[in-house]
Amino acid sequence: MSYKSRRRWSIFLLLVGLPLYVLVAWAIMGALPRLPILIELLIYAFLGVAWALPFKNVFKGVGKADPDETAETE
């Protein structure tokens, strides 16, 4: 996957996918009976990290300069 497509996918995932994931996680946690606070904390921490694991390759290197771009010479 090219740098530009990874960058576009990462923006899409952060602006559209993450809010949808938050709503789904919130609905699931709301449907469960009230759990002890430490267990809820662990579940929320797991859910907070779990969404990004499948997209690790999309986010890798996006914050760096485009490696495919040729360096401009003076």
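Tutor: A residue counts as buried under 20% relative accessible area, as exposed over 50%, and as partly exposed in between. Please note that this is a predicted model.

Student: Where does Phe 12 fall, then: buried, exposed or partly exposed?

Tutor: Phe 12 has a relative accessibility of 42%, so it counts as partly exposed.

Student: And Trp 9, buried or partly exposed?

Tutor: Trp 9 counts as partly exposed, because its relative accessibility is 46%.

Student: How many aromatic pairs does a search of the whole structure find?

Tutor: The search finds 2 aromatic pairs. One of them joins Trp 9 and Phe 12 in an edge-to-face arrangement, with 5.7 Å centre to centre and 90° between the planes. Both residues lie in helix α1, 3 residues apart, which is about one turn of the helix.

Student: What about the rings of Trp 51 and Phe 59?

Tutor: Their centres are 6.0 Å apart and their planes stand at 80°, so this pair is edge-to-face. Trp 51 counts as buried, at 19% relative accessibility, whereas Phe 59 is partly exposed, at 25%.

Student: Which residues does Ser 10 touch, leaving out those up to four places away in sequence?

Tutor: Ser 10 touches Val 58, Phe 59 and Val 62. Ser 10 itself lies in helix α1, which covers residues 3–31.

Student: Why is Ser 10 called buried?

Tutor: Its relative accessible area is 5%, and the cut-off for buried is under 20%.

Student: Changing topic: how many helices and strands are in the chain?

Tutor: The chain has 3 helices and 0 strands, in the order α-α-α along the sequence. Its radius of gyration is 18 Å, well over the 11 Å that the globule rule gives for 74 residues, so the chain is more spread out than a compact globule.

Student: What does the C-alpha trace span along its principal axes?

Tutor: The trace spans about 65 × 20 × 20 Å. Of the 74 residues, 15% count as buried.

Student: Where is Ala 65 found?

Tutor: Ala 65 is in the segment after α3 (56–59), and it counts as exposed at 66% relative accessibility. Ala 65 and Leu 23 are 42 residues apart in sequence and 33 Å apart in space, C-alpha to C-alpha.

Student: Finally, how many positive and negative side chains are there?

Tutor: There are 8 positive and 6 negative side chains, and the centres of the two sets lie 11 Å apart.

Technical notes:
Residues numbered from 1 in each chain as written. Predicted model: local features only at pLDDT ≥ 70, side-chain atom pairs only at ≥ 80, totals over all residues. Heavy atoms only, no water. Helix = DSSP H or I, 4+ residues; strand = E, 2+ residues; numbered from the N terminus. Buried < 20%, exposed > 50% of the residue type's maximum accessible area, 1.4 Å probe, protein only. Contact = heavy atoms within 4.5 Å. Phe/Tyr/Trp six-rings, centres within 6.5 Å; stacked < 30°, edge-to-face > 60°. Rg over C-alpha atoms; globule rule 2.2 N^0.38 Å. Lys, Arg positive; Asp, Glu negative; His and termini not counted. Charge placed at Lys NZ, Arg CZ, Asp CG, Glu CD.
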